[in-house]
Amino acid sequence: MNIPVPRADVGERTLAIVGELKGLEGPLLPILHEIQDEFGYVPEECLPVIARELNLSRAEVYGVVTFYHDFREHPAGRHVLKLCRAEACQSMGGDQLAERAKALLGIDFHGTTPDGAVTLEPVYCLGLCSCSPSAMLDGEVHGRVDEAELEALVAEARR
């Protein structure tokens with residue numbers, strides 16, 4: 001859930017999340033997912049807390065955050081539109097669809113429209129290879145997306 005939290009609470013809430021999950025085997029990814037669920041992104045001030053509590057370097061934690069495309073370093077827009085960039089979708093017109101989405105929104109991948117309505121993100125497989133090209137808007141997957149469907153998704157997100 002993307003609820004703004006006062007900055008002083010970020011460290012406290014991060015510590016609580018780490019405390020709840022650090023007993024898991026390989027806790028870093030579940031902790032980062034929970035933090036992103038809590039704040040809508042992974043705030044930079046979370047990294048030293050996570051590193052200290054898991055006995056990792058900040059560089060190791062930052063490396064994981066930046067390696068996985070699902071983690072955001074900045075707040076997302078009210079809606080997140082993800083376009084599949086995998087080979088099956090590219091072979092079925094995904095590149096043209098991506099360029100059209102960028103033009104409609106006036107942003108590039110990882111960008112958010114100036115009004116804060118939409119964040120455009122690449123994703124490297126939505127599991128709909130037989131229904132490519134595919135997209136996801138706010139967690140809802142759409143297959144066989146053509147230009148008209150893309151325009152409808154963007155219009156929905158702009159409301």
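**A first tour**

Analyst: The protein's secondary structure comes to six helices and five strands. Keep in mind that this is a predicted model.

User: Okay, and what pattern do they follow along the sequence?
Analyst: Reading along the sequence, you get α-α-α-α-β-α-β-β-β-β-α.

User: What size of box do the C-alpha atoms fill?
Analyst: Roughly 50 × 30 × 20 Å, taken along the principal axes.

User: And how much of the protein is buried?
Analyst: Buried residues make up 43% of the 159 residues. As for contacts, take those with a separation of 6 or more: residues 24 or more positions apart account for 60% of them.

User: Let's do the sheet. In what order do the strands sit?
Analyst: The order is β2-β3-β1-β4-β5, in an open sheet with mixed pairing. β2 (111-112) and β5 (140-142) stand at the edges with a single partner strand each, so one side of each has no neighbour in the sheet.

User: What packs on the sheet?
Analyst: Helix α5 does, touching β1 and β3, and its direction makes about 150 degrees with that of β1. There's also helix α6 (residues 147-158), which lies across β1, β3, β4 and β5 and runs at about 160 degrees to β1.

User: β1 keeps coming up. Which strands is β1 joined to?
Analyst: Six bridges join β1 to β3 (residues 118-123), and those two run parallel. Within that pairing, C84 has V123 in β3 as its bridge partner. Three bridges join β1 to β4 (residues 135-137), and here the strands run antiparallel. L81 is partnered with L137 in β4.

User: How does β4 pair with β5, parallel or antiparallel?
Analyst: Antiparallel, over three bridges. A135 stands opposite H142 in β5 there.

User: Back to β1: how many of its residues are buried?
Analyst: Six of its six, over residues 79-84.

User: Which way do they point from β1?
Analyst: H79, L81 and L83 go one way and V80, K82 and C84 the other, and all are buried. Side chains in a regular strand alternate between the two faces of the sheet.

User: Switching to helices. How do α2 and α3 pack?
Analyst: α2 (residues 28-39) and α3 (residues 46-54) pack at an angle of about 150 degrees, with their axes 12 Å apart. Angles over 145 degrees count as roughly antiparallel, so that's what α2 and α3 are to each other. Their crossing is right-handed.

User: Which residues meet there?
Analyst: From α2 you have L28, I31, L32, I35 and F39, and they meet C46, I50 and L54 in α3. The residues of this contact divide into eight nonpolar, no polar and no charged.

User: Why is Q90 called partly exposed?
Analyst: Because its relative accessible area is 33%, and partly exposed covers what falls between under 20% for buried and over 50% for exposed.

User: What does Q90 touch?
Analyst: R85 and D95, if you don't count residues up to four places away in sequence.

User: And how many Å apart are Q90 and R72?
Analyst: They're 24 Å apart in space, C-alpha to C-alpha, and 18 residues apart in sequence.

Technical notes. Residues numbered from 1 in each chain as written. Predicted model: local features only at pLDDT ≥ 70, side-chain atom pairs only at ≥ 80, totals over all residues. Heavy atoms only, no water. Axes fitted to C-alpha atoms, helices over the stretch in contact; angles between N-to-C directions. Helix = DSSP H or I, 4+ residues; strand = E, 2+ residues; numbered from the N terminus. Parallel < 35°, antiparallel > 145°, perpendicular 65-115°, else oblique. Left-handed = near helix turned anticlockwise from the far one by under 90°. Contact = heavy atoms within 4.5 Å. Nonpolar A, V, L, I, M, F, W, Y, C, P; charged D, E, K, R; others polar. Buried < 20%, exposed > 50% of the residue type's maximum accessible area, 1.4 Å probe, protein only. Pairing = 2+ DSSP bridges.
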